[in-house]
Structure formats: C-alpha cells, structure tokens
Amino acid sequence: MDSLFLQQVVNGLIIGSVYSLIAIGLTMIFGVMRISNFAHGDYAMVGAYVAVFVMMWLPGPLGWVNALLAAAVIVAVAGVVSELLIFRPLLDRRTDIDMIMVSIGLFILLENLAQFFFEARPRMLADPFGGNTVDLGLVSTSQLRLFCLAFSCVAIAGLQVFLNRSKTGIAIRATSQNSRAARLMGIDINRIYTLTFGLGSAMAGIGGVLYGTLFAVYPTMGAIPTLKAFVVTILGGMGNIRGAIFGGFILGVAETLGGSYLAMEYKNAIGFVIIILVLLIRPQGLFGQREGV
Amino acid sequence: MTPRTTRRLLTAAGLAAFFTLPLVVTDRYFLHILVMTGIFAILTSSWNLLTGYAGQLNLGHAAFYGIGAYTSAILATRLGINPWAGLLAGGLLAAAAGFLLGIPSLRLSGPYLAITTIGFAEILRLVAMNWVDLTRGSLGLYGIPPLTPIPITSNVSIEFTSERNFLYVLLIVLLLTVWAIRRMIRSGFGVTLKALRDDEVGAESIGVDTARFKLTVFTISAFFAGVAGALFAHYQRLISPDTLSLGETFAILTMTMLGGLGTLTGPILGAVILTFFSEWLRFVEDMVKLDVRMVIYGLLLIVTIRFMREGVVGLLVKLPWWPKTLGKGGSDGR
C-alpha cells in the first residue's frame with residue numbers, strides 16, 4: 001500500500017464523514033415520516049449561508065464555532081417550518097409521488113430564493129485553523145479537515161446516544177418502527193414528527209457549514225449534497241441510521257479513490273453507478289433489512 | 001348539446017387554433033415561443049404517460065430528450081445522415097435507453113426509482129460533458145443541419161429553416177404523440193396501467209404482467225421524448241449538455257403538475273401556460289430588474305400539489321359548461 005493510496009483513503013473518510021452527517025438527517029426523516037426530501041441539501045445550503053453571515057459579524061475561529069451553533073438552530077427552525085407548512089398536510093396522500101414532487105418544489109424555491117437574496121457568486125468561508133496542516137507520518141491533511149472528521153463523528157455519536165438512551169430518542173425510534181403502535185403507547189406522533197424534522201435538518205445545517213468551509217458557498221450548492229445524501233441512504237438502506245453512517249464513509253472513499261485512479265471528471269457519477277448496481281443486486285441496501293431508526 | 005358534441009367541438013376548435021396560429025402569427029419571436037411550447041408539450045405528454053398514468057416516478061426524462069438530441073445531431077454532423085432519419089434514430093435510441101432504465105424499475109418504486117432515474121440522467125450528462133471527441137463537451141455541438149426540404153415538384157419544395165414550417169412538423173409529431181397516448185389509455189392497456197399505478201400488488205395478483213407493461217410504457221415514453229430532443233437539435237442547431245440537466249426534467253415536471261397530472265390535455269395546457277408565462281416574466285423582470293422566474297416555478301409546484309392536485313384541468317372541469325369527460329383523459333378523477 002503506497003502513501004498516495006492511503007492519503008486518498010484518508011481524504012475519502014474525511015469527506016465521507018460530512019456525507020454521513022448530512023445523510024443521517026435524510027434517512028431519519030424518511031424512517032419516521034416516509035418523506036423523501038429532495039430539498040434536504042438545501043438545508044445544508046441555508047446552514048452554509050448562516051455561517052457566511054455570522055462570520056461577517058464575527059470573523060475568525062470564534063465566529064466559526066458560533067456559526068456552527070447558529071446554523072444548527074436556524075436550520076432546525078427552517079426545517080420545522082417547512083415540515084408544518086409543506087410536508088405535514090400531504091402526509092395522508094396515497095402515493096409518495098406527491099411528497100417527492102413537493103420537495104422538488106421546495107428545492108427549486110430555496111435554491112432560487114438564495115440566488116435572489118445572496119447573489120450567485122461563490123463565497124469562501126475562512127479556514128478557522130488558518131490553513132495549518134497536520135503531518136501524520138504516511139499521510140498529511142489540514143487541521144480543518146481533521147476537525148471536520150472529528151466533529152462529524154462526535155455529532156453522529158451524540159445523535160446515536162440520544163436516540164438510544166433518552167426517552168425522546170426511544171420514542172423517535174418507536175415511531176419509526178411502527179407509528180400506529182407508538183401512538184397506542186401514548187407517544188405524541190405529531191411532536192415526534194416535528195422533532196425529527198428539526199433534528200434532521202439541524203444535522204444537515206451543521207453538515208452544510210463543514211461542506212461550505214471545505215469547498216465554497218453558493219446558492220445552488222445544495223443539489224450535490226442532496227444527491228449524495230440519497231446515494232448514501234440508499235446504500236445503507238433508507239431509514240437505517242447505521243447504514244447511512246457506513247454508507248457515507250463508503251461513498252467518500254469510493255469517490256476519492258475512483259477520482260484519483262479512474263477518472264476525475266466522472267467522480268460525481270461514481271455514487272450513482274454504485275447505487276444502480278446495489279439496487280439491481282440488493283434493493284434493500286447493503287446493510288440487511290430495513291431497520292428503522 | 002350533449003357532452004360528446006361539446007367535446008368534439010372543443011377538440012375541433014383547439015385543433016383549428018393550433019393549425020391556424022402559425023399562419024396568423026408573423027412575429028418570429030412569437031413563433032419561436034410556439035416552437036418551444038410544442039417541444040415541451042411533447043415532453044410533458046410523454047412524461048405524463050409514464051408518471052401520471054403508470055405511476056412510475058421518472059426524474060430522468062431529460063436523459064431521453066438528450067439522447068434523442070445528441071443522436072440525431074451526431075449522425076447528421078459526423079456521418080451526414082438525413083435529419084429525418086435522425087429523428088427516427090434519436091427516438092429509437094432513446095426508446096432503447098427507456099427499455100434499459102425500465103429494467104431496474106421492475107423492482108423499484110418511489111424514492112428508489114426517482115434516484116435511479118436521476119442517476120441515469122446525471123451519468124449521461126457527465127458523459128456528454130467529458131466525451132469531448134464525440135460531443136465537444138460543454139462547448140456543445142453546433143452546425144447541426146436543419147430538417148432537409150421535402151420536394152413537391154421538380155422545382156418546388158418545402159423548406160424547414162423557417163419557424164413556421166418547422167412548427168407544422170412539430171404539431172404533427174405532437175398530435176401523433178397525444179393520439180398514441182390516447183389510444184393506449186382508452187384501451188385495455190390503459191385500464192391495466194391505472195391498476196398498476198393504483199395498486200401494483202393487487203394488479204399482479206389478478207394476473208397482470210406488470211413487468212411487461214412497465215417496460216412497454218418506459219420504452220414508448222422515452223421514444224417520444226427522444227423524437228422531441230432530435231427535433232430540438234435540428235431547430236436550435238446547437239445543443240449542449242444542458243439538455244440533459246436536472247433543471248430540464250424539473251421544468252417538464254412543473255408544467256405537467258400545473259396542467260394536471262394523469263390527464264390528456266393537462267400536460268399540453270401546462271406547457272402552454274408556463275412557456276408563455278415565463279416569457280412574459282422575462283419582460284417584467286427586465287422592467288423591475290429582479291430574477292424571480294424560478295422562485296415562482298417552485299412556489300407554483302408546491303401550491304399546485306397542495307391545493308389543486310388535479311391542476312388547471314381539474315379547475316376547468318369544475319366549470320358548469322365544461323364537458324365532464326374532456327381533459328380527464330379517462331382518468332379516475334384523481
């Protein structure tokens with residue numbers, strides 16, 4: 001194993017952790033409410049813009065930390081509002097076509113509102129670590145990238161603890177497994193829906209800040225995270241959180257390896273090729289039966 | 001008047017309007033908008049067959065459109081093949097792609113199918129961007145010849161370089177598309193499709209070969225989209241990988257939803273309304289210096305799905321004098 005290969009694997013794991021972070025929200029929302037939200041990546045875009053504006057007032061590392069918090073809160077609110085106004089009224093529709101199409105409407109709306117208010121030019125979020133690199137022997141990376149990896153892992157682990165240990169978390173999982181039974185047990189389903197949507201979009205919002213700091217912030221940036229998040233959730237089985245975590249890392253590594261060894265220009269196609277193969281061979285995703293949150 | 005006569009009169013009036021409009025209109029810009037409307041009407045009608053009637057959510061319709069456009073354009077510019085043959089070739093290759101994409105659809109539905117179809121279109125778009133030797137990449141293919149003239153006598157022939165004559169070709173293709181779809185949905189095939197859309201397991205349990213039906217609809221829907229793409233290539237005479245973009249599919253989707261998903265006239269109505277509306281908005285935007293067109297698209301889509309699921313056709317049907325079966329296209333009223 002040469003160091004280039006190892007370097008690409010590390011790079012893949014780093015970007016993969018951000019994919020996981022964004023995809024977890026998508027898979028949670030699908031698991032609990034059966035909503036496939038094609039506007040999910042736009043919550044990441046909103047989060048990234050929150051960071052842009054917070055860092056205008058408060059530059060530097062402190063601003064960036066505050067930006068992460070602000071993005072989580074503001075995007076959670078945005079998620080809850082869109083759930084109540086747009087998705088909730090359609091929950092009793094018979095087909096999922098309506099739900100998917102309304103989310104596409106939201107996607108078009110958010111993307112173009114951003115274009116309208118924030119201008120089309122890409123903006124950069126200043127690296128809070130000043131571009132410092134870390135040398136880890138065989139591989140090297142930047143402090144920022146290492147932080148993204150660590151932060152995503154902590155956020156994901158935190159969510160896991162919340163879902164597995166807290167009473168509310170257990171209620172979310174119960175609703176995802178069987179909403180009717182959960183309601184019979186006295187769980188307020190509507191509250192769980194709102195909570196899940198808020199939590200799921202907040203994860204996307206945080207992911208958007210990381211994604212925007214690693215790359216750039218622009219109004220149409222949401223489309224790529226949306227598609228990647230769908231690839232990741234399908235890889236892991238939709239509604240399956242553990243699947244989404246592994247799926248994110250797998251996609252990240254597959255993309256960087258494919259990009260450097262096969263063809264850079266087809267990097268964004270790799271995920272689609274993988275899921276088309278997965279769906280043909282194993283429609284339930286790589287990680288067994290659909291498990292629920 | 002019985003609903004049947006009213007319906008026939010309205011259809012006749014609509015057809016007459018369609019065929020006289022190009023004669024009355026002289027403004028080239030207006031004719032161009034009509035051409036774009038026609039192309040979109042073929043796309044929305046074919047998308048509606050697959051998604052509205054058969055319930056298969058296809059978010060990669062732009063792929064079929066793009067395959068048709070690139071096939072005919074490449075055949076004409078590289079091999080000098082007659083554009084008329086190119087139309088057919090574009091349609092057939094798109095149909096083959098539709099058949100291929102139909103295969104995974106046998107096992108997939110909802111979000112899985114949606115993502116697979118998006119993935120298919122995105123992969124093709126990346127190929128069109130990067131296979132520079134064949135497609136000239138993001139520069140696009142230019143110098144595509146127009147449809148060759150049809151000779152009438154030894155020295156008179158019909159040219160297709162003018163918008164007007166091209167518009168007639170387009171109208172004929174659109175009519176063929178709608179006629180084919182209408183024949184399909186009014187037959188036993190259509191009944192099966194609706195059964196497939198409403199309850200796939202149920203349909204299968206009473207002996208419907210759902211696989212065969214899905215593949216057939218995918219193939220036919222793709223064929224018409226491919227022909228529309230080829231027509232566009234020989235009209236615009238310049239195509240770029242944008243023809244394969246997600247935005248193109250979303251425009252088709254918004255038009256169909258606005259007009260009325262799962263109805264025969266809805267998709268055409270939606271194409272007419274949105275193409276003209278967005279051209280009108282262009283003027284308004286120039287005046288007020290705001291770019292709000294796409295914001296309105298998004299809002300329209302959300303509002304349509306929430307409050308008028310049957311689209312504009314659904315509203316028209318509620319008018320007291322409107323013949324009750326027109327525009328419903330044999331739909332079950334959803």
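**Entry 1: burial in chain B.** I began by settling a term: I call a residue buried if 20 or more other C-beta atoms lie within 10 Å of its own, exposed if 12 or fewer, and partly exposed in between. I also noted that this is a predicted model. With that rule in hand, I looked up chain B and found that buried residues make up 50% of its 334 residues.

**Entry 2: the build of chain B.** I looked up the secondary structure and found 14 helices and four strands in chain B. Next I asked what radius of gyration chain B has. It is 20 Å, and a compact globule of 334 residues would have a value near 20 Å, so the two agree.

**Entry 3: the build of chain A.** I turned to chain A, which has 11 helices and two strands. I read along its sequence and wrote down the pattern α-α-α-α-β-β-α-α-α-α-α-α-α. Chain A has a radius of gyration of 19 Å, and the rule for a compact globule of 293 residues gives a value near 19 Å, so chain A agrees with it. Its C-alpha atoms fill a box of roughly 55 × 45 × 35 Å along the principal axes. Buried residues make up 51% of the 293 residues in chain A. For contacts in chain A with a separation of 6 or more, I found that 77% come from residues 24 or more positions apart.

**Entry 4: the core.** I looked up the largest nonpolar core and found 189 residues in it. The members that touch the most other members are Val50(A), Ala67(A), Ala71(A), Val75(A), Ile206(A), Ala228(B) and Leu231(B). I followed one of them, Val50(A): leaving out residues up to four places away in sequence, Val50(A) touches Ala67(A), Ala70(A), Ala71(A), Ile74(A) and Val75(A). A reminder to myself: in soluble globular proteins, nonpolar side chains tend to be buried together.

**Entry 5: a helix pair in chain A.** I picked helix α6 (residues 167–177) and helix α8 (residues 189–214) of chain A, which pack at an angle of about 100° with their axes 10 Å apart. That angle makes α6(A) roughly perpendicular to α8(A). From α6(A), the contact is made by Thr168(A), Ala171(A), Ile172(A) and Thr175(A), and from α8(A) by Ile189(A), Ile192(A), Leu195(A) and Thr196(A).

**Entry 6: a helix pair in chain B.** Next I looked at helix α8 (residues 188–198) and helix α10 (residues 210–236) of chain B, whose axes come within 11 Å and cross at roughly 105°. I wrote down α8(B) as roughly perpendicular to α10(B). Here Thr192(B), Leu193(B) and Leu196(B) of α8(B) meet Thr210(B), Phe213(B) and Val217(B) of α10(B). The residues of this contact divide into four nonpolar, two polar and no charged.

Entry 7: Is Ser3(A) buried or exposed? It counts as exposed, because it has 11 C-beta neighbours inside 10 Å. Ser3(A) lies in helix α1 (residues 3–33) of chain A, and beyond its neighbours within four places in sequence it is in contact with Leu138(A) and Val139(A).

I then looked up Arg34(A), in the loop between α1 and α2 (40–57) of chain A. Its phi is near 60°, a positive value in a residue other than glycine. Most residues other than glycine have a negative phi. Arg34(A) has 16 C-beta neighbours inside 10 Å, so it counts as partly exposed.

My last stop was Arg237(B), in the loop between α10 and β4 (238–239) of chain B. Phi of Arg237(B) is positive too, near 65°. With 17 C-beta neighbours inside 10 Å, Arg237(B) counts as partly exposed.

Notes
Residues are numbered from 1 along each chain as its sequence is written. Chains are lettered from A and ligands numbered from 1 in the order in which they are written. This is a predicted model: local features need pLDDT of at least 70, side-chain atom pairs count only at pLDDT 80 or more; totals for chains, interfaces and linings use all residues. Axes are lines fitted to C-alpha atoms, for helices over the stretch in contact, and angles run from 0 to 180 degrees between N-to-C directions. Angles under 35 degrees count as roughly parallel, over 145 as roughly antiparallel, 65 to 115 as roughly perpendicular and the rest as oblique. Two residues are in contact if their C-beta atoms, placed from the backbone, lie within 7 Å. Ala, Val, Leu, Ile, Met, Phe, Trp, Tyr, Cys and Pro count as nonpolar, Asp, Glu, Lys and Arg as charged, and the others, Gly among them, as polar. A nonpolar core is a set of buried Ala, Val, Leu, Ile, Met, Phe, Trp, Tyr and Cys residues joined through C-beta atoms within 7 Å. The radius of gyration is taken over C-alpha atoms; the globule rule is 2.2 Å times the number of residues to the power 0.38.
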